[in-house]
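Work through the exercises below with the coordinates open, and try each task before reading its solution.

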Amino acid sequence: MIVLDIEASGLDSGKCGIWQIGALDLESKEEFLEEARIDDEDEIFEEALKVIGKREEELRDSKKQSQKELIERFLEWLKRFDERILMGQNIGWDMSFIQNKCIRYGIHDKFRKITGQRTIDLHTIANLIYKDKYGEFKTDDGKSSMSLGSILEFCGLKDERREMEGGEGVKEGKPHNALEDCKLEAECYFRLVHGKNLFDEYS
């Protein structure tokens, strides 16, 4: 299984760009982390800049590879593994970003053949186990509130990542990084599914 996480210039997969892709193979613990410049037409949300700790100039840096090159390098890395089932927190969001870009760049067939487009969502696993434990899903105003921060807390881990706190406020912490989030998601998966620790750094 491969844990996947992206960092984007905003939440809208139709308007924003991917500037970082992180991935982790659970069996070998091989890692992938690369960055790209977003496309000229891609929008940047101010909230995203605050969470990732970047400036617009860094996301549009002409010295970096293009998004197409980034995605193709990720797909080539992914192709090396016999088991390419992708897993992540709210993984549909990450996949929709990559898929939209692949359609734009004319490489969707390659994306579909390598990934299979079927995924496992950490959010679903966590909320099912939460319901089994507490008798109800973790929700807020009827919608699931099982964010990665909630899953980390549920798994006994401290969330040290920077987050928006409604409006303009930002919870201080580490800027988001796709590979670090992959490791956190992998650790939570192991605790939830296997009942044991994965990485010594989280022991």
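The exercises that follow concern nonpolar cores and aromatic rings in a predicted model.

**Exercise 1.** Identify the residues with the most contacts inside the largest nonpolar core, and the elements that give two or more residues to this core.

*Solution.* Begin with the core itself, which has 27 residues, and in which Leu 4, Ile 21, Ile 71 and Phe 74 have the most contacts. Next, assign elements: two or more residues come from each of strand S1 (2-8), strand S2 (18-25), helix H3 (67-79), helix H4 (91-105) and helix H5 (108-115). Finally, note that another core, of 26 residues, lies apart from this one and includes Met 87, Leu 122, Ile 125 and Cys 155.

**Exercise 2.** Leaving aside neighbours within four places in sequence, determine which residues are in contact with Phe 74, and which aromatic cluster Phe 74 belongs to.

*Solution.* With those neighbours set aside, Phe 74 is in contact with Leu 4, Ile 21, Ala 23 and Phe 32. Turning to the rings, Phe 74 forms one aromatic cluster together with Phe 32, Trp 77 and Phe 81.

**Exercise 3.** Classify the aromatic pair of Phe 32 and Trp 77 as stacked, tilted or edge-to-face, and explain which parts of the chain the pair ties together.

*Solution.* The ring centres are 5.6 Å apart and the planes make an angle of 45°, so the pair falls between the limits of 30 and 60 degrees and counts as tilted. Both residues, Phe 32 and Trp 77, are buried. Because Phe 32 lies in strand S3 (residues 31-35) and Trp 77 in helix H3, the pair ties together parts that are 45 residues apart in sequence.

Key. Residues numbered from 1 in each chain as written. Predicted model: local features only at pLDDT ≥ 70, side-chain atom pairs only at ≥ 80, totals over all residues. Heavy atoms only, no water. Core = buried A, V, L, I, M, F, W, Y, C linked by side-chain atoms within 4.5 Å. Buried < 20%, exposed > 50% of the residue type's maximum accessible area, 1.4 Å probe, protein only. Helix = DSSP H or I, 4+ residues; strand = E, 2+ residues; numbered from the N terminus. Contact = heavy atoms within 4.5 Å. Phe/Tyr/Trp six-rings, centres within 6.5 Å; stacked < 30°, edge-to-face > 60°.
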